[in-house]
2 protein chains.
Amino acid sequence: MPRELRHPDPRDVPLDRVLSALGDPVRLRIMAVLADREEHPREDFEVGVGPSTVSHHMRTLREAGLTRHRLEGTRCFVSLRKETLRRYPDVLEGVLRTCAQEAVAAGGPAAGSGGERG
Amino acid sequence: MPRELRHPDPRDVPLDRVLSALGDPVRLRIMAVLADREEHPREDFEVGVGPSTVSHHMRTLREAGLTRHRLEGTRCFVSLRKETLRRYPDVLEGVLRTCAQEAVAAGGPAAGSGGERG
DNA sequence: ACCGTACATCGATATTCGTCGAACATCGAA
DNA sequence: TTCGATGTTCGACGAATATCGATGTACGGT
C-alpha cells in the first residue's frame, strides 16, 4: 500500500464527475455505509464484489472528491469529505438519505450478506 | 418518428440509474436547458454533438424517468417529469440549480453557441 | 402523389467501465 | 529479517457507452 493516496481538490471536480461516480450500485452501497457520517474501516464495506474491485470503486469515489482515505498501519479508514458535502449540499444529502433507505429496503446494511456476487 | 415514445414508471427506476443518467456533461447541459421548468422544443438543445447523438442522450434521460417527450407533428417537445422531481426532491433540485449555474459559468446557455463539435 | 423536414433507430467503431486474479507495497509480529 | 495481513495497482477481458453516418418513419407542404 502506498504511503498516501491522491485526494483531489473538490473544486477541481465537475458535477458530472460527481454524479457519474455516484451512478453505480456498488458505489451507492458504499455511500450507504458512510451515510451515518462516521469514519469506517475498510472491512465495513462488504458490498458483494472482490477486494480489488472494492479498491477500484473506492478510488473512483475518492477521485471524485467524495471520500477521504486515512491509512493507519496496514489498515485504511474511509469517511465522507465534508467540504464536498458542503459544496453540493442538496444533491449529496439527498443521495445519502435515499441510498441509505434503498439499502435497507434491499435487505439490510452492506446489502451483500447473502454473497450474491456477479 | 414513432407515434409515441416509451416513458417508464419512475418508480421502476433505481437511484443509481438516475444518477448515472445525470453523470454526463452533454446530458447535464440538456438538464441545464430544462432547469427553467419550461417545455422546450428539440431545437433548443444545441449541446455540441450531432443530432443522432442528441437523440441518444435524450433517450437516456427519458428512460431514467427524468424527461417527458411530447410529439407534435414532426416536432418534439421536452420537459421535466414532475413526478420524478418529487421523488428525489433534494437531489434533482440541487442538480438543476448547480448545472444551470455551471452552464452559465462555462459560457452561456446551451454552452455550444460556438459550435465546437468534436 | 411527391418531396422535404424533424427526429428516432440502426450499424459500426472507439473508448470507457466493471470485474477478476496476480503481483506488488507497506506495516506489524514472530 | 522473515512472514502474514491488508489493501492498492496491474493486466486482461467482456460489457456498456458515446459518437457518427445512414436509414427509417411520420408529418406538412406543394
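The model is predicted. Chain A and chain B bury about 1,500 Å² between them, and the largest pocket holds about 260 Å³ of space. Over all chains, the count of salt bridges comes to 16.

**The contact between chain A and chain B**

- Chain A brings 19 residues to the contact, and chain B brings 19 residues as well.
- Of the area buried between chain A and chain B, 70% is on carbon and sulfur atoms.
- Three residues, L15(A), L19(A) and D90(A), supply 32% of the area that chain A buries against chain B, which is more than any other three residues.
- The interface of chain A and chain B has 2 salt bridges.
- In one salt bridge, D90(A) pairs with R97(B), and their closest N and O atoms are 2.6 Å apart.
- There are also 2 residue pairs in polar contact across the interface of chain A and chain B, with both residues at pLDDT 80 or more.

**The side of chain A that touches chain B**

- Helix 1 (15-22), helix 2 (25-34) and helix 5 (89-105) of chain A are the elements that give two or more residues to this side.
- Helix 5 of chain A gives the most, with 8 residues.
- Sorted by class, this side of chain A has 9 nonpolar, 4 polar and 6 charged residues.

**The largest pocket**

- The lining of the largest pocket is made of 14 residues.
- Nearest the centre of the largest pocket lie M1(A), L5(A), R42(A), S55(A) and C76(A).
- At least two residues of the lining come from each of helix 3 (51-63), strand 2 (67-72) and strand 3 (75-80) of chain A.
- Helix 3 of chain A gives the most to the lining of the largest pocket, with 4 residues.
- By class, the lining of the largest pocket has 6 nonpolar, 3 polar and 5 charged residues.

**A salt bridge within chain A**

- R75(A) forms a salt bridge with E43(A), and the closest N and O atoms of the pair are 2.3 Å apart.
- R75(A) belongs to strand 3 of chain A, while E43(A) sits in the loop between strand 1 (40-41) and helix 3 of chain A, so the pair ties together parts that are 32 residues apart in sequence.

Terms used:
Residues numbered from 1 in each chain as written. Chains lettered and ligands numbered in written order. Predicted model: local features only at pLDDT ≥ 70, side-chain atom pairs only at ≥ 80, totals over all residues. Heavy atoms only, no water. Contact = heavy atoms within 4.5 Å. Buried area = accessible area lost by both parts, 1.4 Å probe. Salt bridge = Lys/Arg side-chain N within 4 Å of Asp/Glu carboxyl O. Polar contact = N/O pair within 3.5 Å; in protein donor to acceptor, adjacent residues only side chain to side chain. Nonpolar A, V, L, I, M, F, W, Y, C, P; charged D, E, K, R; others polar. 1 Å grid on protein atoms, 1.4 Å probe; cavity = no way out; pocket = protein on both sides within 12 Å on 5 of 7 lines; lining within 4 Å. Points joined across faces, edges and corners; volume = space filled by probe spheres on them.
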